Amino acid sequence: MKLKTLTAASLAATMALGAGAVSADLTFPSLSYRTGPYAPNGIPFADGYADYFTLLNERDGGIGGEKINFIECETGYNTEKGVECYESTKGQGALVYQPLSTGITYQLIPKATADDIPVHSMGYGRTSAANGKVFSHIFNYPGTYWDAASIIVKHILDQEDGDINGKTIALVYHNSAYGKEPIRTLEELAKKHGFNLTLLAVDHPGQEQKSQWLQIRRERPDYVLMWGWGVMNQVAVQEAANIRFPMDHFIGVWWSASENDVLPTGDGSNGYKAINFHGVGKDFPLYDDLQKHVVDTGKAAGDGSNLGTVLYNRGIYAAMLASEAARTAQEIHGVSNITSAQMRDGMEALKIDQARMAEIGLPNFGPDINVSCDSHGGPGQAAIMQWDAGAKSWSLITDYTGADREVVDALIMEDSAAYATENNITPRSCG
Amino acid sequence: MSPMILNTIEVMLNGLMTGVMYSLVALGFVLIFKASGIFNYAQGVMALFAALTLVGFQSGQIPFSHLINVVFGTDYHNWGPGMNAFLAILLTMAVMVLLAWLVERLVLRHLVNQEPIILFMATIGLAFFMEGLGDMMWGANIKVLDIGLPSGGSFWWEDVTRVWATEGSEYYGMYIDVLDVWAAGIAIVLVIALTLFSQYTKTGRALRAVADDHQAALTVGISLRTIWIVVWSIAGFVALVAGIMWGSKSGIQFSLSLIALKALPVLILGGFTSIPGAIVGGLIIGVGEKLFEFAIGPLIGGATENWFAYVLALMFLMFRPQGLYGDKIIERV
């Protein structure tokens, strides 16, 4: 009897979900990970992504008069599950995918291109996808890992009065495709600026890093950069504090820069720096609306405690970029109920200046966005932020600055050309 | 001494300390395998679950608060300001004993006389269940663990060893993490306590009897079920200690369960049935992997520790298939 009731309830729930998918107009799937070892990072991002769309539905009635259908699918940060999520949701009118995993992104590049659905791998995934001539459906604005490496080195140059010749920079990286992403760029920048590059790989998951930090303590590099994820970040910050490495000379990529990464170390993490491509905190008008229309009405994806944290803000930013692209697509094609192909056009024509950011309620929350047919990486800009352990908060300490385009663009061209050759892709003309 | 020699000593010393941390995890596996022949896949998750529960008690968090709030539309998260570390540890231990009782009652009791592989599969299920339960009870966010243990590099040791270097050489002194020293001290106390327990208490002797021969132990009136509860409780306590030590370095988070992976080469090397084997195996793996990474790692791209630990363990297996201290299995047809 109980089993029958359960089956009937499941069927009813499935039908209700199905009905929801049909009746709604603009479908945004969210490949989230709220379970597993990486859940502490996946949850705030997923909450931010969901809450922004909920806000648009509640406050504005959707985008351009069309309600938003938001579908969440749990990947557990597992590539196979991520692909399953893609396959199971693409038929529901998905407009754009934010895979939230480099592994899933790599799998979706050929699939989504064939299905005519755009992918926004915001600040992750395949860096050379910034070349829109080769990767027609993949977007990674507002910046890539190679931009990040270059901007961090620019920051170090600023700190050292423009001369880092003979200095040593160590890279502590997750021993995976993701962690190895900045190496080529850093090697090129080392040649250009004359610094020595030391590479220190950390095996997954990164619970044990004693060898790497003993080496850093012995060799005393001038700066340490980190390309880590999950527990690797917390252990690295703790080990750096243990060996009393100067924290303001320790700089992480944007995935090594959430509150989760620094809070376990307490005061020892004070001064740790990281690169970021969006604002910090919740001192923006949009957050008042979020509180009023989403949190206070009980419609938030979480309990509201994540508002203003780095990864929640990143989810908000990703959803804002997606909705602005949808708005752009509606304007270009003159229809409100857009398709994924039209969404792709909107993403490729996306322009967001500071006036628009202020209208949205996020003044100076990110750099100006300027995507084009040949550049899917957008502005390639980011800022440096620093952790204040006493106040338990991040603050941006630089303006949004651009990468060394001479170095980065050449690498993007080289890598994307190799991909095009391997996959028999004829780069399209961008007029 | 030249800085090179001092650096090598430093690497060995830190390898020993890391080895102790591995041993803490391996001990839990050994205890259960020795008493019941079960390879407990859930040992890493037990460490995570114990640490989550400890922080939950310390911070005054209401278990299952997310579920309660969703079902009843409430907004409860904490029952109060929390409690001191000692009381929280005692309560966590009580939870681990309760867990041991439940495991015996709901899982092991129904699988008596089953093949070891069936019991192993049951512990895989248990691991996933406990991970989900821990998530529902305490949430998936990273928790800061502070029970007052000191951590960070020892200034004293740096000063003492700095003068050992050849005069004029650039040497900063030897590094050792105070938390690792505490872990070593706790591991020594733990091993002594376990040895005394198994040698001089009635329950301990019963435990050894079961480990030696289940059938014979049953014939003299030893309750297998009680022994299982005792041994799973002790393994729960060891898991709590391991969870505290590892969690102090990284915060309490779900990847803590992966520390079990670091115990496997220790078990291969030390044997699945020996407490001294878990300790000596941990030390050999710790020193071996750190020395290899120090001497050879930079030549081959680094990150050698994960795989080298297994290579080292397998090399030992070539000469002693039962592990350093494991019992030699002779099966007669």
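1. The crossing of H1(B) and H7(B) is left-handed. A crossing gets that label if the near helix is turned anticlockwise from the far one by less than a right angle, and is right-handed if clockwise. Helices here are DSSP runs (H or I, at least four residues), numbered from the N terminus. H7 of chain B covers residues 178-200.

2. The model is predicted: local features need pLDDT of at least 70, side-chain atom pairs count only at pLDDT 80 or more, and totals for chains, interfaces and linings use all residues. Residues are numbered from 1 along each chain as its sequence is written, while chains are lettered from A and ligands numbered from 1 in the order in which they are written.

3. How are H1(B) and H7(B) packed? Their axes lie 9 Å apart, at an angle of about 50°. Axes are lines fitted to C-alpha atoms, for helices over the stretch in contact, and angles run from 0 to 180 degrees between N-to-C directions. The two helices are therefore oblique to each other. Under 35 degrees counts as roughly parallel, over 145 as roughly antiparallel, 65 to 115 as roughly perpendicular, and the rest as oblique.

4. From H1(B) come B:Met17, B:Val20, B:Met21, B:Ser23 and B:Leu24; they meet B:Asp180, B:Ala183, B:Ala184 and B:Ala187 of H7(B). Contact means C-beta atoms, placed from the backbone, within 7 Å. The classes are 7 nonpolar, 1 polar and 1 charged. Ala, Val, Leu, Ile, Met, Phe, Trp, Tyr, Cys and Pro count as nonpolar; Asp, Glu, Lys and Arg as charged; the others, Gly among them, as polar.

5. B:Gly15 also sits in helix H1 of chain B. Is B:Gly15 buried or exposed? B:Gly15 counts as buried because it has 26 C-beta neighbours inside 10 Å. The cut-offs are 20 or more other C-beta atoms within 10 Å for buried, 12 or fewer for exposed, and partly exposed in between, with C-beta atoms placed from the backbone. Leaving out residues up to four places away in sequence, B:Gly15 touches B:Gly286, B:Val287, B:Glu289, B:Lys290 and B:Leu291.

6. H12(B) and H13(B) have axes that come within 9 Å and cross at roughly 125°. That makes H12(B) oblique to H13(B). Their crossing is right-handed. H12(B) contributes B:Ile285, B:Gly288, B:Glu289, B:Phe292 and B:Glu293, and H13(B) contributes B:Glu305, B:Phe308, B:Ala309, B:Leu312 and B:Ala313. By class, that contact has 6 nonpolar, 1 polar and 3 charged residues.

7. Now the chain interface. 34 residues of chain B are in contact with 32 residues of chain A. On the chain B side, H1 (3-36), H10 (224-250), H12 (275-295) and H13 (305-319) each supply at least two residues. The largest share, 5 residues, comes from H1(B). The chain B side divides into 11 nonpolar, 15 polar and 8 charged.

8. Chain A is divided into domain 1 (23-143 + 281-380 + 412-422) and domain 2 (145-276). These bounds come from an automatic or database domain assignment. The C-alpha centres of the two domains lie 28 Å apart. 13 residues of domain 1 of chain A are in contact with 14 residues of domain 2 of chain A. Helix H2 (39-60) and helix H12 (310-333) of chain A each supply at least two residues of the domain 1 side. That side has 5 nonpolar, 8 polar and no charged residues.

9. A:Arg218 is in helix H8 (residues 210-219) of chain A. With 18 C-beta neighbours inside 10 Å, A:Arg218 counts as partly exposed.

Notes:
Contact = placed C-beta atoms within 7 Å.
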